[in-house]
Amino acid sequence: MSRINTNVPSVIARRILGMQNDRLSLSLQRLSTGLRINTGKDDPAGLIASERMRLQMRAIQAAQANIGRAINVVAVAESGLAEIARLLNDLEELVDLSSNETGISEAERNANQLEIDLILESINRIANSTELEGRKLLSGTLAYNTSGVNTDDIAYLRIMSARIPQGGSRTVNVEVLTPAELATLTYSSGTLNSAQTIEVLGNLGAERITLASGATVSNIVDAINMSTGLTGVSAVLSGTDVVLTSTEHGSSKYVKVRVLSGSQFGNGLNSLEDFGVDVEVNINGMNAIGDGLNVSVRTTALSADLTLTPTFGTQTTMDTTFAITGGGANFMIAPTLDTNAEASLGIDAVTTASLGDRTTGFLYTLATGEVNSLKERKFSAAQRIVRLVNQQVGELRGLLGSFEKNTLQPNLNSLQIQYENVASAESALRDTDFAEETSALTRAQILVQSATNVLRIANAVPNNVLALLGG
């Protein structure tokens, strides 16, 4: 080396030392931050993928929080319904005790009526005060909104879930394919010429009826109808025939007659037994499950229970249509906000004016001054109302429990696993591998020291020129 203006070895050594210092600094940065990617230049493609994963992780966390809120709503609503169910049990007991007319005094019956009034007030209070963060849960604010429901066709409607387009509505068309029928027997032998003893059996029970010789068809109708509340079988006069029918429609309802003595009545019957027929219905072109006049539809787009009126459910010439215009309790339970991310259910009002139906009666009618109060002595009707309401409340509790168990909880479990997998993938891209990086740090430290020594030697090389001058 005989040139001193440009010390090429020193330039090369400085460049290499700078490179090793940069590598050392990078290792120190990664070890101190715990991140392999601290700036875009560390791994541009990895940074892009990592940021997308971080965004997905935040969305998953938000969905988990949404499900947690939904579970809170369900828990609060279910707690109110549980107390209403307890009150209904007390109500059933009061009605049953009051029906023992000779066994209790009028004063005691009046006291029972006072208790019933207080229970009805409590049910209304719970329905209107059960809330979470200012939102009432059982007053009907979370029920679906409908329009165009013809009460001459539909006696009861409960929508449990419905998919409704944003800002739109869902039209529901109900078409009767097979009409519901009552169980029916016909007696057509006219006036009895001898005494007859028969047993009439229906869904409510059986009653033995003795018909005297000379009893006319009108007498037979009256005798059967006197026991309708006990048997669930009524009779009407059709010309000169006696038509016995069940009081309710459906395949589970029946009329049976056993002839205990005499033969004229039995020989005059077209049959000794008959069962009703369930209504068969299409809802929006899909076959729905029928039970008497009750209809249930269960699809991803619509889940609802309907009770058709006897007029509409026993004909096939007319359809009925209504629209679901909005409402419901809607929860976003998935990271991507689209229609599939939304879970909805309807929480109908559980006030005394809402519980029950137009066919059986509403719960408020048990209050003082109403048609089914204890003073009216309609104990059987009151009991049927209480049992129907208890069934409605139980089904609503079941709906909430099923929603939490089969919709919210599985989605939460899935999101937790999904979060773990995405976090693992993001960590593999972005986080520092300490075993690998500490090895790189040790290597960088050695190379920095080596490059420093080389630079020192390279800077000393020009001094050899002095030997030439001294010679």
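Tutor: Let's start with a term: a crossing of two helices is left-handed if the near helix is turned anticlockwise from the far one by less than a right angle. The model above is predicted.

Student: Which hand does the crossing of α2 and α3 have?

Tutor: The crossing of α2 and α3 is left-handed.

Student: Which residues of α2 and α3 make the contact?

Tutor: On the α2 side they include Gly 80, Ile 84, Leu 87 and Leu 91. On the α3 side, Ile 116, Ile 119, Leu 120 and Ile 123 are among them.

Student: How do the residues of this contact divide by class?

Tutor: The contact of α2 with α3 has eleven nonpolar, four polar and four charged residues.

Student: Why are α2 and α3 called roughly antiparallel?

Tutor: Start with the value: helix α2 (residues 44-98) and helix α3 (residues 106-129) pack at an angle of about 165 degrees, and their axes are 10 Å apart. Angles over 145 count as roughly antiparallel, and the two helices therefore fall in that class.

Student: On to pockets! How much space lies in the largest pocket?

Tutor: About 1200 Å³. Its lining comes from 37 residues, with Glu 248, Asn 294, Asp 357, Thr 360 and Leu 388 nearest its centre.

Student: What about the second largest pocket: how much space, and which residues lie nearest its centre?

Tutor: It holds about 620 Å³. Of its 27 lining residues, Ser 161, Arg 163, Glu 342, Ala 343 and Ser 344 lie nearest the centre. The elements giving two or more residues are β4, β19 (342-345) and α8, and α8 gives the most here, with six.

Student: And what makes a space a cavity and not a pocket?

Tutor: In a cavity a 1.4 Å probe fits but cannot get out, whereas a pocket is open. A search of the whole structure finds one cavity of 30 Å³ or more. The largest cavity has about 40 Å³ of space.

Student: Which residues line the largest cavity?

Tutor: Asn 203, Leu 204, Gly 232, Ser 246, Thr 247, Glu 248 and Lys 253. By class, that is one nonpolar, four polar and two charged.

Note on methods: Residues numbered from 1 in each chain as written. Predicted model: local features only at pLDDT ≥ 70, side-chain atom pairs only at ≥ 80, totals over all residues. Heavy atoms only, no water. 1 Å grid on protein atoms, 1.4 Å probe; cavity = no way out; pocket = protein on both sides within 12 Å on 5 of 7 lines; lining within 4 Å. Points joined across faces, edges and corners; volume = space filled by probe spheres on them. Helix = DSSP H or I, 4+ residues; strand = E, 2+ residues; numbered from the N terminus. Nonpolar A, V, L, I, M, F, W, Y, C, P; charged D, E, K, R; others polar. Axes fitted to C-alpha atoms, helices over the stretch in contact; angles between N-to-C directions. Parallel < 35°, antiparallel > 145°, perpendicular 65-115°, else oblique. Contact = heavy atoms within 4.5 Å.
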